[in-house]
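I opened this entry to keep track of what I looked up, one item after another.

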Amino acid sequence: MTDRLVYWAYALGWAVLKHLPEPVARGLFDRLADYAWRRRGKRVLQLEANLRRVRPELDEAALRSLSRAGMRSYLRYWMESFRLPVWSRARVARDVQVEGFEHLRGVLEAGRGAVIALPHMGNWDLAGTWVAQQGYPFTTVAERLKPERLFDRFVAFREGQGMEVLALTGGGVNVIGTLARRLREGRLVCLVGDRDLSDAGIEVSFFGEATRMPAGPAALCQRTGAALLPVTLWYDGPVLRALIHPEVVAPEEGDRKAKTLAMTQAMADVWERGIGEHPQDWHMLQKFWLADLPARETVRGTAAKESAQARSSEPAAEASGA
């Protein structure tokens with residue numbers, strides 16, 4: 001599918017889906033998810049390979065059932081995102097339930113900055129909208145992908161929900177410097193940080209295997225004195241639930257690199273527990289563990305290759321760790 005067709009497919013989604021009755025939209029996206037699941041394309045097969053690491057005790061039938069639930073969760077994210085611009089504040093307040101908000105509120109009211117770091121779980125755009133509606137606008141980062149017009153629409157959508165969006169590349173802005181400045185001002189930064197899209201990721205253990213995660217969240221907190229707050233998200237019937245975990249504190253011993261590694265591993269451990277409890281809501285349809293990556297190929301190289309191959313079916317802008 002060409003970039004032009006991709007753009008108009010998403011534009012049609014924004015224009016039409018928000019006007020459909022809720023049961024019709026949900027049923028449509030469930031059918032789309034089931035269709036993709038039955039075709040067993042590369043993305044579904046990779047999702048199953050990832051879920052096999054999370055739930056190794058499952059037999060093939062149970063794994064297939066889990067991957068079907070995973071595809072429905074993933075398509076639910078898109079259905080909600082297309083409809084979110086017309087959701088009322090009351091609807092967002094009703095459909096998002098947050099536990100541990102006192103951790104975030106306490107940090108910001110004390111004048112410190114905070115980094116909320118979350119994996120690709122549930123609906124991070126909806127959770128971000130809820131946070132912004134509590135009176136805490138925030139800054140985030142988005143990967144710049146083609147077509148450019150579609151990226152611009154994603155940015156406009158997120159900015160309309162109260163987010164400041166920085167392009168990971170090509171925006172003419174020092175992303176790390178801007179994030180650090182916001183944190184020093186006592187403000188909030190939100191980063192989706194389970195998948196490394198750079199050459200500077202930190203190797204961590206995740207479900208017993210090696211992978212890389214961005215150093216950005218932990219490094220920014222060390223640089224600015226901000227609090228690192230991991231978050232996990234999952235669907236519970238019609239409700240999106242979020243758990244803001246206690247602050248990940250840097251160890252007293254070690255240099256900055258060692259502290260960054262320790263904090264990133266601690267953050268990964270929190271996410272591992274959350275994903276283990278709600279694996280169907282982890283939207284990881286890409287190669288993730290180092291064992292799945294070709295020798296000598298970085299996560300960034302693989303991510304770029306997969307993005308180019310999947311533009312006909314993947315989002316054109318994705319929140320990313322700095």
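This is a predicted model: local features need pLDDT of at least 70, side-chain atom pairs count only at pLDDT 80 or more; totals for chains, interfaces and linings use all residues.

**Entry 1: α10 and α11.** I began with helix α10, residues 216-224, and helix α11, residues 256-277, whose axes come within 8 Å of each other and cross at roughly 130 degrees. Angles over 145 degrees would count as roughly antiparallel and those from 65 to 115 as roughly perpendicular, so α10 is oblique to α11. I noted the hand of this crossing of α10 and α11 as right-handed.

I then looked up which residues make the contact, and found P217, A218, A219, C221 and Q222 on the α10 side, meeting R256, K259, T260, M263, T264 and M267 on the α11 side. Sorted by class, the residues of this contact between α10 and α11 are six nonpolar, three polar and two charged.

Entry 2: How many of the nine residues of α10 are buried? I found seven of the nine, and I therefore put the helix down as mostly covered. The buried residues in α10 are G216, P217, A218, L220, C221, Q222 and T224. What do these buried residues pack against? Their partners are the strands β2 (114-118), β5 (188-192) and β8 (227-236), together with the helices α9 (175-184) and α11.

Entry 3: Leaving aside residues up to four places away in sequence, T260 touches I202, A215, A218, A219 and Q222. I also looked up the C-alpha atoms of T260 and G216, which are separated by 8.9 Å although the two residues are 44 residues apart along the chain.

**Entry 4: the residue just after α10.** Just after α10 I came to G225, which takes a positive phi of about 80 degrees, and which is found in the loop between α10 and β8. Is G225 buried or partly exposed? With a relative accessible area of 40%, G225 is partly exposed. I noted as well that G225 and G113 are 112 residues apart along the chain, while their C-alpha atoms are separated by 7.4 Å.

**Entry 5: positive phi without glycine.** I next looked at residues other than glycine with a positive phi, and wrote down R40 and F207. For R40, phi is near 55 degrees, and the residue has its place in the loop between α2 and α3 (42-54). F207 has a positive phi of about 55 degrees and lies in the loop between β6 (202-206) and β7 (209-213). I set the accessibility of the two side by side: R40, with a relative accessible area of 33%, is partly exposed, whereas F207, with 18%, is buried.

**Entry 6: α2 and α4.** I turned to a second pair, helix α2 (residues 22-39) and helix α4 (residues 60-83), whose axes come within 8 Å and cross at roughly 140 degrees. Since only angles over 145 degrees would count as roughly antiparallel, α2 is oblique to α4. The crossing of α2 and α4 is right-handed.

On the α2 side I listed E22, A25, R26, F29, D30, L32, A33, D34, A36 and W37, and on the α4 side R64, S67, R68, M71, R72, L75, R76, W78, M79, F82 and R83. The classes in this contact of α2 with α4 come to eleven nonpolar, one polar and nine charged residues.

**Entry 7: R91 and its partner.** I followed E22 to a further residue, for the side chains of R91 and E22 are joined by a polar contact of 3.1 Å. R91 lies in helix α5, residues 89-95, and at 18% relative accessibility this arginine counts as buried.

**Entry 8: the whole chain.** Last, I looked up the totals. The protein chain has twelve helices and nine strands, and buried residues make up 55% of its 322 residues. Among contacts between residues at least 6 apart in sequence, 77% join residues at least 24 apart.

Key: Residues are numbered from 1 along each chain as its sequence is written. Side-chain values use heavy atoms; hydrogens and water are left out. Axes are lines fitted to C-alpha atoms, for helices over the stretch in contact, and angles run from 0 to 180 degrees between N-to-C directions. Helices (H or I, at least four residues) and strands (E, at least two) are DSSP runs, numbered from the N terminus. Angles under 35 degrees count as roughly parallel, over 145 as roughly antiparallel, 65 to 115 as roughly perpendicular and the rest as oblique. A crossing is left-handed if the near helix is turned anticlockwise from the far one by less than a right angle, and right-handed if clockwise. Contact means heavy atoms within 4.5 Å. Ala, Val, Leu, Ile, Met, Phe, Trp, Tyr, Cys and Pro count as nonpolar, Asp, Glu, Lys and Arg as charged, and the others, Gly among them, as polar. Buried means under 20% relative accessible area, exposed over 50%, partly exposed in between (1.4 Å probe, protein chains only). A polar contact is a pair of N or O atoms within 3.5 Å; within protein, one must be able to donate a hydrogen and the other to accept it, and residues adjacent in sequence count only if both atoms are side-chain atoms.
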